[in-house]
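Student: I would like to learn how to read the strands, loops, core and chain contacts of a model, one feature at a time. Could we take each general idea and then its case here?

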Amino acid sequence: MSLLEVTDLGKNFGGLRAVFGLSFNLKANEILGLIGPNGAGKTTAFNLMAGFIPPSSGEVRLEGRNIVGLKPHSIVKRGIARTFQVVKPFRKLSVLENVTLAAFLHHPRRAEATAEARRILGLLDLTDKAEGAASDLTLAQQKRLEIARCLATRPKILFLDEPMGGLNATEVEAACDLVLRLRSEGIAVILVEHHMRAIMRISDRVLVLHHGVPIADGKPEAVVRDPDVVRAYLGEGKA
Amino acid sequence: MPKFALPGLLVAVFIAAPLLSTHSFVHHLLIMVLFSTLLGLSWNLLGGFAGQVSFGHSAFLGVGAYTTLLFYLKLGLSPWLGLVAGGALAMVVAVPIGLICFRLRGPYFSLATLAVAEIIRLVALNWEELTAGPQGLIITHLPALSLFGQTVNWESKLPFYYLIALLALLGMGLTHLVARSRLGAYLLAVREDLESAEAVGIDTVLTRVLALALSAMLVGLAGGFYGLYFRYIDPDAVFSVALSVEMVFIAVVGGIATTAGPIVGAIVLVSISETFRSQFQSGHLIFYGLFMMLVIRYLPDGIWGRVRLALKQVRER
């Protein structure tokens with residue numbers, strides 16, 4: 001059984017078909033790259049699977065159980081955590097408080113939640129920023145903070161929405177290493193990303209969305225040579 | 001400082017305060033300060049900590065007031081029991097309202113609270129068999145009761161003072177507990193960003209409903225007190241928008257999302273309103289409004305919020 005099974009997921013916004021017929025499986029310990037041109041429906045797909053937007057059709061099964069219709073917080077409890085494309089830390093709270101809030105999910109007592117949050121900040125190299133305000137972090141650090149918050153909820157699957165957007169080359173390298181490290185700790189990852197070199201390097205599989213419809217699913221090297229994919233990115237006549 | 005020093009000091013001050021004067025007007029002012037404190041504390045739990053701005057809190061105050069008085073007038077039950085029932089019923093009424101209104105965000109929630117309060121006022125106005133409608137309810141005499149072994153002398157203001165002091169302490173204690181608990185942390189998360197709060201596993205509807213229920217309980221108790229103290233209530237008095245707005249002012253002037261803010265706000269606002277009222281027969285509300293504008297412009301964190309910030313800066317230096 002796959003960890004996550006998505007079947008025929010779809011969403012219409014009025015007349016606009018944002019996602020249509022999206023089906024795929026995610027195995028435990030897999031890193032799946034979700035790519036596609038701007039407006040292809042990648043973030044919408046995240047929002048549908050994580051419960052932030054109700055889908056118009058389709059099923060999302062986590063460990064065999066349908067999670068469509070659940071609120072985001074109960075999906076988090078079941079083991080799917082997500083980051084936001086435009087980072088959304090609790091800006092006025094400290095870095096430590098940000099992660100503590102997430103750690104409360106499994107540690108109702110404040111002392112334990114805080115200890116867990118400190119442990120996770122250590123893993124993500126944010127210990128020396130713990131007492132500062134979240135809004136004072138660099139973008140790369142804020143993206144790490146979002147991942148730290150996710151980890152504090154003990155996810156089985158992480159949805160990362162452009163974790164490398166806006167980062168410099170060194171920071172992208174570090175982010176790639178981080179994703180690989182998370183996988184080695186037993187977390188499956190779905191990664192929406194435009195940074196193709198990063199996608200090629202760390203994804204086990206790549207799924208391509210175009211106008212809300214999946215057009216390719218396979219090994220990264222195979223997918224980038226797929227004529228449909230090339231056409232989607234470069235336009236007609238270039239393939 | 002030992003852990004119980006501050007609360008102990010507070011209790012001592014509350015006990016001693018009315019003994020410094022035998023003037024019944026002074027006692028009345030002290031009662032109004034603590035009554036306002038309780039209103040501010042109640043609004044602050046929801047509006048300050050959770051950032052859910054309610055303009056309809058008089059709805060719960062009215063429910064508390066009517067419950068307390070009806071329990072006594074119609075069923076002959078002790079006002080003590082009625083007071084507790086008023087707080088409980090305000091809480092019960094708040095839960096479905098929360099479940100409906102918390103589907104709305106920001107200004108839409110605030111407008112919904114305004115509408116709900118108006119609906120409840122109209123129900124109270126028109127359900128004459130229960131509430132006596134616009135005539136209101138009046139208590140001609142309060143029953144013989146004993147408190148701490150002493151027969152309560154209702155003609156004195158002191159029993160009312162100690163009653164409201166007890167309720168205000170309860171409100172402060174509750175606020176303090178909430179602020180330190182997981183619920184308090186969740187409320188701040190909800191105030192900061194609803195989506196992020198959901199994303200870290202917080203049930204944002206349940207969290208807000210809990211805050212509303214606790215808040216409604218406090219203001220329901222305040223309503224019960226109001227009914228017993230003034231001995232007369234009618235729908236326009238207890239369900240008024242002015243009263244709802246007053247609660248916002250107390251919390252904002254004092255400092256939102258703080259435990260001590262509401263008492264600071266209550267002291268300042270009751271003093272100002274009484275001073276202007278005695279100086280200017282009519283139009284004293286103009287000065288009150290002017291003062292509010294100055295506070296919002298220059299002290300958006302409130303008076304206590306500002307003091308706390310200053311103390312923190314001094315400590316870090």
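Student: Which residue of β2(A) does A:Glu5 stand opposite?

Tutor: The general idea is that strands of a sheet pair through backbone hydrogen bonds, either parallel or antiparallel. In this model, which is predicted, A:Glu5 stands opposite A:Asn25 in β2(A), and A:Lys11 has A:Val19 of β2(A) opposite it. Both pairs belong to the antiparallel pairing of strand β1 (residues 4–13) of chain A with strand β2 (residues 16–26) of chain A, which extends over seven bridges.

Student: How many residues lie between the strands in the hairpin of β1(A) and β2(A), and which residue takes a positive phi there?

Tutor: There are two residues between these strands, and A:Gly14 takes a positive phi near 60°.

Student: Which strand do five bridges join to β1(A)?

Tutor: That is strand β4 (residues 57–62) of chain A, which runs antiparallel to β1(A); within this pairing, A:Val6 has A:Val60 of β4(A) as its bridge partner.

Student: What is the order of the open sheet of six strands in chain A?

Tutor: The order is β6-β7-β8-β3-β9-β10, and the pairing is mixed. Here β6 (80–82) and β10 (213–218) of chain A are at the edges, each with a single partner strand, so one side of each is left without a neighbour in the sheet. From one strand to the next, the twist averages 15°.

Student: How many bridges pair strand β9 with β10(A)?

Tutor: Strand β9 (residues 205–210) of chain A and β10(A) are paired over five bridges in the antiparallel sense. Along this pairing, A:Val208 stands opposite A:Ala216, while A:His210 has A:Val213 as its bridge partner. The hairpin of β9(A) and β10(A) has two residues between the strands, and A:His211 takes a positive phi near 50° in this hairpin. Lying across β9 and β10 of chain A is helix α9 (residues 227–234) of chain A, which runs at about 130° to β10(A).

Student: Where does A:Arg154 lie, and what is its phi near?

Tutor: A:Arg154 lies in the loop between α5 (139–152) and β7 (157–161) of chain A, and its phi is near 55°, a positive value in a residue other than glycine. Because A:Arg154 has 17 C-beta neighbours inside 10 Å, A:Arg154 counts as partly exposed.

Student: Is B:Ala257 buried or exposed?

Tutor: With 22 C-beta neighbours inside 10 Å, B:Ala257 counts as buried. B:Ala257 is found in the loop between α12 (241–254) and α13 (261–279) of chain B, and its phi, near 60°, is again a positive value in a residue other than glycine.

Student: Which residues have the most contacts inside the largest nonpolar core?

Tutor: They are B:Ile164 and B:Ala222, in a core of 165 residues. Helix α10 (residues 204–230) of chain B gives the largest share of this core, 14 residues. Leaving aside neighbours within four places in sequence, B:Ala222 is in contact with residues including B:Phe35, B:Leu61, B:Gly64 and B:Leu167.

Student: How many residues of chain B are in contact with chain A?

Tutor: In general, the size of an interface is often given as the accessible area lost when the parts come together. Here the description is by contacts: 14 residues of chain B are in contact with 20 residues of chain A. On the side of chain B that touches chain A, α8 (182–192) and α9 (194–199) of chain B each supply at least two residues, and α8(B) gives the largest share, five residues.

Methods:
Residues numbered from 1 in each chain as written. Chains lettered and ligands numbered in written order. Predicted model: local features only at pLDDT ≥ 70, side-chain atom pairs only at ≥ 80, totals over all residues. Pairing = 2+ DSSP bridges. Helix = DSSP H or I, 4+ residues; strand = E, 2+ residues; numbered from the N terminus. Axes fitted to C-alpha atoms, helices over the stretch in contact; angles between N-to-C directions. Contact = placed C-beta atoms within 7 Å. Buried ≥ 20, exposed ≤ 12 C-beta atoms within 10 Å, placed from the backbone. Core = buried A, V, L, I, M, F, W, Y, C linked by C-beta atoms within 7 Å.
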